[in-house]
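Dear colleague,

Please find the structure below, handed over for your use.

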Protein chains: 4
Amino acid sequence: MAVIDLNSDLGESYGAWTLGDDDAMLRLVTSANVACGFHAGDPSTLRRICALAVGHGVRIGAQVSYPDLAGFGRRHMEIDPDELRDVVLYQLGALDGFAQVAGAGVTYVKPHGALYHASVVDRAQAQAVVEASREYDPSSAIVGLPGSELLRAAEAAGLEAIAEAFADRAYQADGRLVPRREPDSVLTDPAMVAMQAVRLATEQEVVAIDGTVVAVRARSICIHGDTPGAVRLAQAVRAALEVAGVSIHPFTV
Amino acid sequence: MAVIDLNSDLGESYGAWTLGDDDAMLRLVTSANVACGFHAGDPSTLRRICALAVGHGVRIGAQVSYPDLAGFGRRHMEIDPDELRDVVLYQLGALDGFAQVAGAGVTYVKPHGALYHASVVDRAQAQAVVEASREYDPSSAIVGLPGSELLRAAEAAGLEAIAEAFADRAYQADGRLVPRREPDSVLTDPAMVAMQAVRLATEQEVVAIDGTVVAVRARSICIHGDTPGAVRLAQAVRAALEVAGVSIHPFTV
Amino acid sequence: MAVIDLNSDLGESYGAWTLGDDDAMLRLVTSANVACGFHAGDPSTLRRICALAVGHGVRIGAQVSYPDLAGFGRRHMEIDPDELRDVVLYQLGALDGFAQVAGAGVTYVKPHGALYHASVVDRAQAQAVVEASREYDPSSAIVGLPGSELLRAAEAAGLEAIAEAFADRAYQADGRLVPRREPDSVLTDPAMVAMQAVRLATEQEVVAIDGTVVAVRARSICIHGDTPGAVRLAQAVRAALEVAGVSIHPFTV
Amino acid sequence: MAVIDLNSDLGESYGAWTLGDDDAMLRLVTSANVACGFHAGDPSTLRRICALAVGHGVRIGAQVSYPDLAGFGRRHMEIDPDELRDVVLYQLGALDGFAQVAGAGVTYVKPHGALYHASVVDRAQAQAVVEASREYDPSSAIVGLPGSELLRAAEAAGLEAIAEAFADRAYQADGRLVPRREPDSVLTDPAMVAMQAVRLATEQEVVAIDGTVVAVRARSICIHGDTPGAVRLAQAVRAALEVAGVSIHPFTV
């Protein structure tokens, strides 16, 4: 029987500003990538999301970022790997305080935005993320793109490496995502998104934009929470997976 | 035999800016109030100070602050107690990550600057600091002014309340400090500072600015680390205490 | 013939976060209180709002704030008046750059949030705001509450003092606003709000919550832009004023 | 008769932290690159430095930076050129407020740290800096490295392009600086630094690290203000230039 985890970026509100519908998403996913204050997420938001996540049995992951609130962590930074490791460790500890107070704890780390993209190809930055995670908790898991430097570094460090796929992104024949700039890179039709999720979960494959069938081994599917219609997409994915008999479970214990 | 702890504010550098001589102070004190990033202390500074503190057998405390880097945490903020509790918890977790990686852990909390002063008289803010500390670690100690709302709240919450005194500040006849604005509020003569420290440690009293002898029961003496001549003062205090046969020990295990 | 200005807080988005419907509000008001980056308003938002305001013939005012992004400038700060003056001047210059590039310039200053409230009663903080405004541009106007220390300081400094009233807030018999905590402090019925605006503009009076008719002399009416239904309220106010034959004009040239 | 300008990075203190000896440097240089708050420079520091600069007849330039206080603007950011233009314009306006209140105004722009390095080779970022400068004040000058994209963009935009040289940095035979990582990249002997400054000012050339004589046409010489011994180096440079009969004048009117 197929098993899959659903993860989403949450806790991305800040002060007077709200982003996404965290309450709705927490009813649909099994793993919450919670912002840690460096690209989003003020302390009170962290507390609220951690408490809600625990209430819904959702696992808490640290969505660590470059220090860039004005840029929402989406601007690449050439940051020294030792500094980056410390920046990640700082965020990890900060979030874990709220996770522990809520009765759980941070169980995995997933880089956000530009750091996520950097960790695919930049070995030094990938290792910095992994090193902070390992130092803080050797039983931590790392979530990233299949074939990324991040997952390679995680395995080398003895951490659990969790490959993720995307239900709402078009794939290329070589297994990589169609870049966001290109047309049709993002799927918005709930039926299409749900179908891709089911195929990923049950067949470990995806139909690329040119029709090729590509193998994509992923233990988690990322569902974006901050796009218009995000909740409706997530509901469609969850419903379709349940109909297909897929067990929706966190990848962590 | 008299026992006293020496504490100092450390880790207050930030990025390109250096404040104080942390390396020298860590050889002289037994408890380091480490800045947590909200008034000072970038992540790499936190790592460095925690590692050094552990190397010297110095206890690590969280010097939590209002979120005010430009004001160095010295400007009072009317912050909602629930928000303040979360702001404190965030800092506590962030610092504790570095403390744990260094092989120790945060063992106490001491508010910084304007939050320190607020916690003397403002019950709601004092309770917010204590509540975050208790939530995070019920075995945490709280350091503050004798008679403060902070220590009262700590006791009420079942946390260890550590009263501190000042070796380099003049006292009034009622046991309160002479306000900084007033002349002679700060002692700068190493011999005088050392004498006050010894009397505090051995007799639990201090000679007030008007000559009155005032009882001051303190388990820790705060030594400022960022003033000119700070290291020389700390050396004088430590040497005088040792000559007087006072045992200099952390108040925490 | 009655003349009134309509002002609203705009430009309060930040990075990935959006607040309010600035485009709609700029079609309805005559004066835009543009955030300056300290409680909201990233640089690109400032550019966009200034350009739009000029396009609509809307005057640009600096909505200056305490430095508190996480608290959206709503938390009172005990900031030294000299520092506050400089904090205000910094924001004023920053916004004015965008206003000038858009072909206009900042013509007035209105404090935001907790600084607005402080400037009603705190003479030193009020004077700091006025002093920065005067230094930067002696022809600047100051917008505030009737009877406030802020408007008193403006007049004393030779700046134009613009009293404002609120169309969507309930008044007390003594002319002050009903505090937000109390029930019925905020009016949400468009018809009621529009009626209050018309009475303010044509009769210079308002019906207080206890039925008393109170004189309120105001040259501008503030319309909140970030509440649900804000645009609809603003449309109702504008339409009612036009029907009543009130001329809606900026108070500045 | 040879004429040269001396520029230095100033105003880089922040809140409780002090960097460099601005008062001493302002007696020695003719152009002050004043930090604008994004990598350093709180509002009160900006006021102080602008007032001092005007008092000494020193020109005020905007030392604009990436938004990165923790990294002191030394970490490269992949920031969208339109956003960067707005980030630069924001800083320019903010500083100019203080410069104007001091009785002068910002007369030139020089990027700081990682943005300085980016503007040597990255055309889009260089153009963003120039575009903001031109929008704000078409009579503004731009200071940068000879042959940089920055100076090319300045010329293309019709702004005055001011090439600068370094008295305390070793040059390569091709006219570029020896990278900081390499040994002997920074000159620390006052006599050597002074000699290089005089040769730059009088002969428009420098002796490269391999002994080659290289032409370096520069209208300004940069003197670092935040290194140990900075003031002594600046004094040596100034004295040697005066002895050599070089006229030390700002490049701007």
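Which residues of α2(D) meet which residues of α3(D)? P43(D), L46(D), R47(D) and C50(D) in α2(D) meet L95(D), F98(D), A99(D) and V101(D) in α3(D), where contact means heavy atoms within 4.5 Å.

Before the remaining findings, a note on conventions. This is a predicted model, in which local features need pLDDT of at least 70 and side-chain atom pairs count only at pLDDT 80 or more, while totals for chains, interfaces and linings use all residues. Residues are numbered from 1 along each chain as its sequence is written, chains are lettered from A and ligands numbered from 1 in the order in which they are written, and side-chain values use heavy atoms, with hydrogens and water left out.

Helix packing in chain D

By class, the contact of α2(D) with α3(D) comprises seven nonpolar, no polar and one charged residues. Here Ala, Val, Leu, Ile, Met, Phe, Trp, Tyr, Cys and Pro count as nonpolar, Asp, Glu, Lys and Arg as charged, and the others, Gly among them, as polar. Helix α2 of chain D spans residues 43-55 and helix α3 of chain D residues 81-101; their axes come within 8 Å and cross at roughly 40°. Helices are DSSP runs (H or I, at least four residues), numbered from the N terminus. The axes are lines fitted to C-alpha atoms over the stretch in contact, and angles run from 0 to 180 degrees between N-to-C directions. α2(D) and α3(D) are therefore oblique to each other; angles under 35 degrees count as roughly parallel, over 145 as roughly antiparallel, 65 to 115 as roughly perpendicular and the rest as oblique. The crossing of α2(D) past α3(D) is right-handed, that is, the near helix is turned clockwise from the far one by less than a right angle.

Chains A and B

Chain A can be laid on chain B by a turn of 180° with a shift of 0.0 Å along the axis, giving an RMSD of 0.0 Å. Such superpositions are by least squares on the C-alpha atoms of residues with pLDDT of at least 70 in both copies. Of the residues of chain A, A94(A) comes closest to this rotation axis, its C-alpha lying at 2.0 Å. The same surface serves both copies, as 100% of the contact residues of chain A recur in chain B. The contact takes 21 residues from chain A and 21 residues from chain B. The area buried between these chains is about 1700 Å², with carbon and sulfur atoms giving 63%; buried area is the accessible area (1.4 Å probe) that two parts lose on being put together, summed over both. R47(A), D86(A) and Y90(A) supply 35% of the area that chain A buries against chain B, more than any other three residues.

Chains A and C

A rotation of 180° with 0.0 Å of shift along its axis superposes chain A on chain C, with an RMSD of 0.0 Å. That is the relation of a two-fold axis. In chain A, the C-alpha of W17(A) is nearest this axis, 3.0 Å from it. Chains A and C bury about 1100 Å² between them, 75% of it on carbon and sulfur atoms. A16(A), W17(A) and A70(A) supply 58% of the area that chain A buries against chain C, more than any other three residues.

Yours sincerely

Methods
Helix = DSSP H or I, 4+ residues; strand = E, 2+ residues; numbered from the N terminus.
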